[in-house]
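User: I would like to learn how to read the charged pairs and the ligand surroundings of a model like this one. Could we go through them feature by feature?

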Amino acid sequence: MKLLVTGGAGYVGSHTVNALLTQGHEVVVLDNLSTGHKWALQDCELIDIDLRDEANLTKSLQGRGFEGVLHFAAKSLVGESKNHPAMYYQNNVGGTTNLVRAMQSAGIPRLVFSSTAAIFGNPVSDFIDEEHPKAPINVYGQTKLVVEHMLKAVCESSAFIATCLRYFNAAGANNEANLGEWHEPETHLIPNALRAAAGTGNPLTLFGDDYPTSDGTCVRDYIHVDDLASAHVAAIEQMDSSSGFNSFNLGNGNGYSVKEVIAACEKAVGADIPYTIGPRRDGDPATLVASSAKARNDLGWTPKHDSIDEIAQSAWNWECYRRDQLA
Ligand code: UFG
């Protein structure tokens, strides 16, 4: 298929571009490189446009023969979203609205949308499936949920097909393609722990050890970024046999506490990683673990890198590569 990937220079986006190219799809990336990286761009055309620029966006999609869009471009930091809510709504909701209108005007019928576990808020069950109540506790999650509602309405009123993929905790790296996670500022646990170990980041703080979990620290479902990428490939490829609006939760179904993740990082590094205990971080639910039964059944998707040790090891290999590149 000929596909447009917005945010294809970002973390999950670039790994998905790599997977799509490997499967023989033709890919064009649309990215304004505000948080994406030139080095993460795979061997394909770049359209350097901001999704908020509706006129140019609409023009750039006309007559290109795109059969589908995978939409990653978004603001995605929970803490930042709290301080800049209007910016988050403008980018994530406004940007996606512009994209859908431009797709309709160019006659592009298929969209795969990057959604998030943050749409669920505080879980009311051990495993979060697609029907779990949606009550986001941060602005980032709100913006993604609003977009899901918008896409559902568009699908119900036209022949548009949209699939929302709700990621739990994206982690790890594709060492063969020299791709990995690089956010500035970095807020995620695994890169923060590894950079503290390598001496390339700040000392590690563990945000809260008084949660109602087995060791008092937050529990998350870490999913390898290449497994997220393969879910996107499956989602776009199966759209020929589906219609309307669909959603899938993507995780391994295994919860690891912050302390267990730090232990996996220590194993990868081969040394202790010192940390201090700080207060809880705003907007962090105690536990978030996916039920991905629907994705496994309907997309035929199976995560291949489901061990936290393998995820931490791949992230560490990537950190070492980046450190050597920058040296
Ligand atoms: N943590 C620390 N120290 C750090 C960084 C994180 O203790 O330096 C803790 C957090 O408090 C949390 C856990 O490690 O308990 C995981 O935090 P991350 O920042 O790595 O990931 P989040 O669970 O906050 O974020 C993920 C996705 C977001 C999504 C969110 C939903 O990355 O996109 O889940 O809650 F919005």
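This is a predicted model: local features need pLDDT of at least 70, side-chain atom pairs count only at pLDDT 80 or more; totals for chains, interfaces and linings use all residues.

User: Which side chain does Asp309 meet in a salt bridge?

Analyst: Side chains of opposite charge can pair when their charged atoms come close. A salt bridge is counted when a side-chain nitrogen of Lys or Arg lies within 4 Å of a carboxyl oxygen of Asp or Glu. Here the partner of Asp309 is Lys267, at 2.9 Å from N to O. Asp309 lies in helix 10 (residues 308-326) and Lys267 in helix 8 (residues 258-269), so the pair ties together parts that are 42 residues apart in sequence; helices (H or I, at least four residues) and strands (E, at least two) are DSSP runs, numbered from the N terminus. Lys267 counts as exposed, at 59% relative accessibility.

User: Where in the chain are Arg280 and Asp210?

Analyst: The side chains of these two, Arg280 and Asp210, form a salt bridge of 3.0 Å, N to O. Arg280 sits in the loop between strand 13 (275-278) and strand 14 (287-288), and Asp210 in the loop between strand 8 and strand 9 (219-220), 70 residues apart.

User: How many residues surround the ligand, and which are the closest?

Analyst: A residue is near a molecule if one of its heavy atoms lies within 4 Å of it. By that reading 20 residues surround the ligand, the closest being Leu189, Thr205, Arg220, Arg281 and Asp284. Arg281 and Asp284 also meet each other in a salt bridge (3.2 Å, N to O).

User: Which part of Arg281 comes within 2.6 Å of an oxygen atom of the ligand?

Analyst: A polar contact is a pair of N or O atoms within 3.5 Å; within protein, one must be able to donate a hydrogen and the other to accept it, and residues adjacent in sequence count only if both atoms are side-chain atoms. For Arg281 the atom is an N or O of the side chain, 2.6 Å from the ligand oxygen.

Technical notes. Residues are numbered from 1 along each chain as its sequence is written. Side-chain values use heavy atoms; hydrogens and water are left out. Buried means under 20% relative accessible area, exposed over 50%, partly exposed in between (1.4 Å probe, protein chains only).
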